[in-house]
Amino acid sequence: MPDLTLLRALFDGLEEGVVYLSGDMVEYENQTAATLLAGGVPDEVRRGGAQTLLAGGRLFDLRETLWDGGRLIILTPRLSEAAVERRMPMLTEDLRRQVGNLSAVTQLLISSGRRDGGEKQRDYLAIMNQSFYRLLRLIQSAELACDMAAGRVKYSPGALDLGGLCRELSEQVEGLSPELGVTFSWEGTDTLLLTGDAALLRQMILELLSNALRGAGAGGKAGLRLTKNGERAILTVWNSGEGMDLSELEREDYNPQPTSGLRLGLSAVRHIAALHGGTVMLESRPGEGARVTVSLNAAPPEQGAVNTPQSDPTGGFSPVLVALSGVLPFSAFRPEDLE
């Protein structure tokens, strides 16, 4: 029998539907799943093998992972093509803004080059560099949005040390956080081996950290914590800012602020977590900050599994600087700091 107390603690308040089956018997379903599957869990889900499900007029991806002798199934709402199309005008507007920045700064550099540019020239180069990084972020957002809408996000799992990845990213973020006046901290398991896609998990973690730093604000605090509970890896990203309106984040027509790409944050994080047999829980209270908890399947890699070579989606640019380019000031992109 599964640990129903643990299942309830992890999934009762989750916005995503969660069903636990022992054989073809439903042992647990959270309130979201019970509402969506009011007529009962369909036979094709009970038998296994189903990858999508139409429920409540929406299409869901089904992500299945083995847990305590049974099957844990997570219903993740698929980002609709219509939602992607609604976000595209935001993308093109942001692309125009970054190209405009590059054009204007180029003219300023040409003009200052006729004189002794000094500090101003360094500032112009920093603004140009920041725009390049923001363009890369926008391209990544557009690619992920299209792949999510089409259900073709590339998942290349391999043996991975999630603890090492979190520590490495945290060290880089901690070095940049003073630019924002934010105190950043990392705590947790230094080594945690599992099977996963390093590139996707890096993108997921950086998306969460970018949002946390933005929400913390000058003088605030933010952090990343990694723990393990049985065969689950628990990632927690938090800040001490004003909190978030979670109902706004759930809306597909949510309009983000400029320089944040397609603002796929919540949809992308959930999609990537689901690919790793995971779920996402959000907590936010006005004046008390926000916390996002990601629970991932952390079953040890199979014996003999090796790290899967990953392509570099940034083309050699720092993934951390690409992810944080919409948050950091231009001073973080001065040429001498990027070398």
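How many of the 339 residues of the protein chain count as buried, as a percentage? The share is 47%, with buried meaning under 20% relative accessible area (1.4 Å probe, protein chains only).

This is a predicted model: local features need pLDDT of at least 70, side-chain atom pairs count only at pLDDT 80 or more, and totals for chains, interfaces and linings use all residues. Residues are numbered from 1 along each chain as its sequence is written, and side-chain values use heavy atoms, without hydrogens or water.

**Whole chain.** Show the cartoon. The protein chain has 11 helices and 12 strands. These are DSSP runs numbered from the N terminus: helices are H or I with at least four residues, strands E with at least two.

Select β7 (183-188) and β11 (279-285), the edge strands, each pairing on one side only. Strands pair if DSSP finds at least two bridges between them. The open sheet has 5 strands, ordered β7-β9-β10-β12-β11, with mixed pairing.

**One pair.** Find T183: K221 in β9 stands opposite.

**Two helices.** Select helix α6 (residues 162-176). α6 lies across β7, β9, β10 (232-239) and β12 (289-297), at about 165° to β7. Angles run from 0 to 180 degrees between N-to-C directions, with axes fitted to C-alpha atoms, for helices over the stretch in contact. Next, select helix α7 (residues 198-216). α7 packs on the sheet and touches β7, β9, β10 and β12; contact means heavy atoms within 4.5 Å. The direction of α7 makes about 25° with that of β10.

Methods. Buried means under 20% relative accessible area, exposed over 50%, partly exposed in between (1.4 Å probe, protein chains only).
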